[in-house]
Amino acid sequence: MSKDAVNTAAAASPSDAAKVPADAGDAGYSKDLKARHVNMIAIGGAIGTGLFLGAGGRLHNAGPALAIAYLVCGIFAFFVVRALGELVLYRPSSGSFVSYAREFLGEKGAYVAGWMYFLNWSTTGIADITAIALYTHYWSLFTDIPQWVLALAALAVVLAVNLISVKIFGEMEFWFAIIKVATLVGFMLIGIFLLATQHEVGGQTPGLSVITDNGGVFPHGMMPVVLVMQGVIFAYAALELVGVAAGETAEPEKVVPRAVNSIMWRVGLFYVGSVVLLALLLPGSVYSADQSPFVTVLSKIGVPAAGDVMNLVVLTAAMSSLNSGLYSTGRILRSMAMAGSAPKFTARMNRSQVPYGGILLTCAVCVLGVGLNFLVPAQAFEIVLNVASLGIISTWVIIMICHLVFVRRAKEGLVTRPSFRLPGSPVTEITTIAFLLACLGMMGNDPEVGRKTLLLVPLIAAALVAGWYGIRRRVSQTADRELSQFTN
């Protein structure tokens, strides 16, 4: 429903408006997600393969300064989630930022937000099932099974979990997050012990000398640190899941502020803290993109089965990401379908109050990823990862634009801001948007993949424009029909 329709309906009949959700896509959901589920979804969104696997290659390229990159990107990621948290407390919605874009930017804004988010998670889903297949091949038991078969099996398992109920999804994410957090805490305790006892790691004594004797904090200068920013941003993707999950929790006003505020210290502890530890234990040149940096350290001190344990954790992180992608796109697509900007079948829900139509559409795109694994197994991961980054950057920019309009409306007396607020508005939003766009521009410095990815921007824009002209009449008819229901 368009913002004008909402405002008109509320003015015409406040009592009727109170009975109907502001977003028609919010009707019909259960409220089975508990506080512990949402808290762990927030943790799971903050900890993934970007840290467990991606930090190795980034440490090799940027050195200890990677910790600064994680801190800077983490601060801006926190601003995005804090802005989204304020919007959630203003009006909880399973449509999340798509619903807010509809209210504050109109149907075109919601259309762009929803489909770019779908692009992000559908391509991320392809990356996830590719990663799962690659990680599973680590064990000799699975090496003879084709990569595409393992990818298809992983997709089938996570699809089944998502279709059963939101409570099962929440439980799965809860335990996935427990595994990831326990692994990081265990590694950090080992790292602190190695530092405190000056135990040799790979023939070197850990400490500040590992950094100072190997080129300092910026061993390769500033440019490598700047270039890894785009990858670091992708490592924080999924933090916005807190906003989607809030629509299916009974007490969002209590759960969301706690979950959002905890993100900042988790970023500081888990991302920045672990990278600092890694830099103090071994020189950046020892780490590589082919191996988890945690496995590198543990193998250097002779921990048995370190590779097996960490591979299992990274596999868990990829399964968690795939699980979250199916969950969020199902809800986002339903919100869009109820407004006429997504296929009608994506609005369908099963008896367990799960929007299975949208989930199945995302799975259909992931099946294309299974084909990609069959055709080009070596390049499948890199191809989709860069396309997904376009989606997440655009999603975060739209969230900040929505918040800017929201604050402006609040100053005009049209809406009321909750007590839980993004500090420093409008400077915070504008600075965050500028930073995200700069990260997008940095992709142009990567001639192999980044520049080719940027060339997709005009194609995606053309597809969005063509799609809008294809559905705008249906969107208008849906808005008029909902308005008549309010006023009759």
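Colleague: How many helices and strands are there in the chain?

Modeller: There are 22 helices and zero strands. This is a predicted model.

Colleague: What does the chain average in pLDDT?

Modeller: The average is 82, and 88% of the residues score at least 70.

Colleague: Where is confidence lowest, and where is it highest?

Modeller: The lowest is helix α2, residues 14-19, with a mean of 37. The highest is helix α20, residues 427-442, at 92.

Colleague: And residues 1-20, what does pLDDT do there?

Modeller: Over residues 1-20 pLDDT stays under 50. The model has 29 contacts beyond four places in sequence for that stretch.

Colleague: OK, the chain as a whole. What percentage of the residues is buried?

Modeller: Buried residues make up 57% of the 488 in the chain. As for contacts with a separation of 6 or more, 81% of them are between residues 24 or more positions apart.

Colleague: Which residues in α5 are buried?

Modeller: In α5, residues 54-62, the buried ones are Ala55, Gly56, Gly57, Arg58, Leu59 and Ala62. Just after α5 comes glycine 63, with a positive phi of about 75°.

Colleague: Which residues have a positive phi although they are not glycine?

Modeller: Glutamine 198 is one of them, with phi at about 55°. It is found in the loop between α10 and α11. Glutamine 353 is another, at about 65°, and it lies in the loop between α17 and α18.

Colleague: Switching to peptide bonds. Which residues does the cis bond join?

Modeller: Serine 425 and proline 426, with omega at about 5°. Proline 426 is in the loop between α19 and α20.

Colleague: Aromatics next. How many aromatic pairs does the count come to?

Modeller: The count comes to 16 aromatic pairs. One of them is phenylalanine 78 with phenylalanine 79, a tilted pair at 6.5 Å centre to centre with 50° between the planes. Phenylalanine 78 counts as buried because its relative accessibility is 11%.

Colleague: What about phenylalanine 187 and phenylalanine 294, how do their rings sit?

Modeller: That pair is edge-to-face, 4.6 Å centre to centre and 80° between the planes. It links distant parts of the chain: phenylalanine 187 is in helix α10, residues 166-197, and phenylalanine 294 is in helix α16, residues 293-300, 107 residues apart.

Colleague: Which residues do ring pairs link into a cluster?

Modeller: Phe76, Phe78, Phe79 and Phe435 are linked that way.

Colleague: And arginine 82, which ring does it lie over?

Modeller: Arginine 82 lies over the face of phenylalanine 420, 4.0 Å from the ring centre.

Colleague: Back to α10. Is lysine 180 buried or exposed?

Modeller: Lysine 180, which is found in helix α10, counts as buried because its relative accessibility is 1%.

Colleague: Then α17. Which residues does asparagine 323 touch?

Modeller: Leaving aside residues up to four places away in sequence, asparagine 323 touches Val158, Val161, Asn162, Phe169, Met172 and Glu173. Asparagine 323 lies in helix α17 and counts as buried, at 0% relative accessibility.

Colleague: How do the axes of α7 and α17 cross?

Modeller: The axes of α7, residues 96-105, and α17, residues 306-339, come within 8 Å and cross at roughly 30°. That makes α7 roughly parallel to α17, because angles under 35 degrees count as such.

Colleague: Which residues meet there?

Modeller: From α7, Ser96, Phe97, Val98, Ser99 and Arg102. They meet Ile332, Ser335, Met336 and Ala339 in α17.

Notes:
Residues are numbered from 1 along each chain as its sequence is written. This is a predicted model: local features need pLDDT of at least 70, side-chain atom pairs count only at pLDDT 80 or more; totals for chains, interfaces and linings use all residues. Side-chain values use heavy atoms; hydrogens and water are left out. Buried means under 20% relative accessible area, exposed over 50%, partly exposed in between (1.4 Å probe, protein chains only). Helices (H or I, at least four residues) and strands (E, at least two) are DSSP runs, numbered from the N terminus. pLDDT is the predictor's confidence in each residue, from 0 to 100. Contact means heavy atoms within 4.5 Å. Rings of Phe, Tyr and Trp (its six-membered ring) pair if their centres lie within 6.5 Å; planes under 30 degrees apart count as stacked, over 60 as edge-to-face and the rest as tilted. A charge sits over a ring if NZ of Lys or CZ of Arg is within 6 Å of the ring centre and within 35 degrees of the ring normal. Axes are lines fitted to C-alpha atoms, for helices over the stretch in contact, and angles run from 0 to 180 degrees between N-to-C directions. Angles under 35 degrees count as roughly parallel, over 145 as roughly antiparallel, 65 to 115 as roughly perpendicular and the rest as oblique.
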